[in-house]
Amino acid sequence: MKDDRRKQIEAMVARRDTVTMEELRREFGVSMNTVRSDVAYLVDTGAVEKIYGGVRSVQRQEVPLFTQRTQLRADEKRRIARYAQDLIEDGDTLYIDAGTTTMHLVDFLDPGKHVTIVTGNLYVAHQAYDKPNAELIVLPGGMNRRTNSVSDVSTLEFLGRYQFAKAFMGASGVSLDGKLNVSTYIEYELKKLAVARSRQVFLLLDGGKFGGSSLMSYGSLEDMTEIITAAPCPEEIRDLCQRKGVRLTIMD
């Protein structure tokens, strides 16, 4: 219940930009001490920032619209997805993350493979219609036009019901110390849960995702079964994968 309330607080602040502590107390029917505890937790995670008498959403670097990002390194993303499709086996239950690389997995999926796909990625949901042997489970939630996916508190509850043979994940960026960055608290929770529910996890990244940092990271490269990317891949990333025993595949 506490975790759900904190996610709902983060979503409320994201919608309204600024919310007072008293508004939070009334909205959730809890004591002011509980509100202070929840806010302190969210401030520590980078989900919100404290202001006098309340909280406000964190001003982060704007993520480009989905339609803009699909045009960046498009051929590279499709090559990565084509390679990753070969990792899917008949009978697999798959989680396919939101993203402009992961979305192409279904484009190359062998129509003869019997798989179950769980996703909030709306492109994947649309394209899976033409794969007769793919059972599709679409996560619930509100549509995010920047990621062309659905995500909110209800998405997390629904996702937690499933176990996956393989998850194909994305990230908004990867810092040189191997942290997998996200831009919102809901993304942080959703990706972290998907990784925890999967036996194998494959990270699909175009070569432009390396460098930079973020207030939140849902994991690190060493949590992945394999990283599939393209040049340029920094030497720091190559060395980190070698030290941690993580398979790194760089597409030509």
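Helix α1 (residues 2-16) has 15 residues and should span 21 Å at 1.5 Å a residue, and because its end C-alpha atoms are 21 Å apart, the model agrees with that expectation. The expected span of a helix is 1.5 Å times one less than its number of residues. Helices (H or I, at least four residues) and strands (E, at least two) are DSSP runs, numbered from the N terminus.

The structure is a predicted model, in which local features need pLDDT of at least 70 and side-chain atom pairs count only at pLDDT 80 or more, whereas totals for chains, interfaces and linings use all residues. Residues are numbered from 1 along each chain as its sequence is written, and side-chain values use heavy atoms, with hydrogens and water left out.

## Helix α1 and its partner

Within α1, the residues Arg5, Arg6, Lys7, Ile9, Glu10, Ala11, Met12 and Val13 are buried. Buried means under 20% relative accessible area, exposed over 50%, and partly exposed in between (1.4 Å probe, protein chains only). Asp17 follows the helix and has a positive phi, near 75°.

The axes of α1 and α3 cross at roughly 70° and come within 10 Å. Axes are lines fitted to C-alpha atoms, for helices over the stretch in contact, and angles run from 0 to 180 degrees between N-to-C directions. The pair α1 and α3 is therefore roughly perpendicular. Angles under 35 degrees count as roughly parallel, over 145 as roughly antiparallel, 65 to 115 as roughly perpendicular and the rest as oblique. On the α1 side the contact is made by Lys2, Arg5, Arg6, Ile9 and Glu10, and on the α3 side by Thr34, Ser37, Asp38, Tyr41 and Leu42. Contact means heavy atoms within 4.5 Å.

## Helices α2 and α3

Helix α3 (residues 32-45) also packs with helix α2 (residues 21-28), at an angle of about 110° and with the axes 9 Å apart. These two helices are therefore roughly perpendicular to each other. Their crossing is right-handed; a crossing is left-handed if the near helix is turned anticlockwise from the far one by less than a right angle, and right-handed if clockwise. Met21, Glu22, Leu24 and Arg25 of α2 meet Met32, Val35, Arg36 and Val39 of α3 in this contact.

## The nonpolar cores

The largest nonpolar core has 48 residues, and those with the most contacts inside it are Leu24, Tyr95, Met169, Leu203, Tyr218 and Leu221. Its largest share, five residues, comes from helix α9 (residues 185-196). A second, separate core of 21 residues includes Ile88, Leu94, Met103 and Val106. A nonpolar core is a set of buried Ala, Val, Leu, Ile, Met, Phe, Trp, Tyr and Cys residues joined through side-chain atoms within 4.5 Å.

Beyond its neighbours within four places in sequence, Tyr218 is in contact with Met169, Gly170, Ala171, Leu180, Val182, Tyr188, Lys191, Lys192, Val195 and Leu203.

Helix α9 has twelve residues and reaches 17 Å from its first C-alpha to its last, close to the 16 Å expected at 1.5 Å a residue. The helix is mostly covered, with nine of its twelve residues buried. These are Tyr185, Ile186, Glu187, Tyr188, Glu189, Leu190, Lys191, Ala194 and Val195.

## Individual residues

| Residue | Relative accessibility | Class |
|---|---|---|
| Thr155 | 0% | buried |
| Thr101 | 4% | buried |
| Asn148 | 19% | buried |
| Glu135 | 47% | partly exposed |

Thr155 lies in helix α8 (residues 153-159). Not counting residues up to four places away in sequence, Thr155 touches Leu139, Pro140, Gly141, Val150 and Leu190.

Thr101 is found in the loop between β4 (93-96) and α6 (105-108). With residues up to four places away in sequence left out, Thr101 touches Lys77, Ile80, Ala81, Leu204 and Asp206.

Asn148 occupies the loop between β7 (143-144) and β8 (149-150). Although Asn148 is not a glycine, its phi is positive, about 50°.

Glu135 belongs to strand β6 (residues 134-138). Apart from neighbours within four places in sequence, Glu135 is in contact with Val115, Thr116 and Ile117. Glu135 and Ala231 are 96 residues apart in sequence and 34 Å apart in space, C-alpha to C-alpha.

Ala231 is joined to Pro232 by a cis peptide bond, with omega near 0°. Pro232 is in the loop between β14 (226-230) and α10 (235-244).
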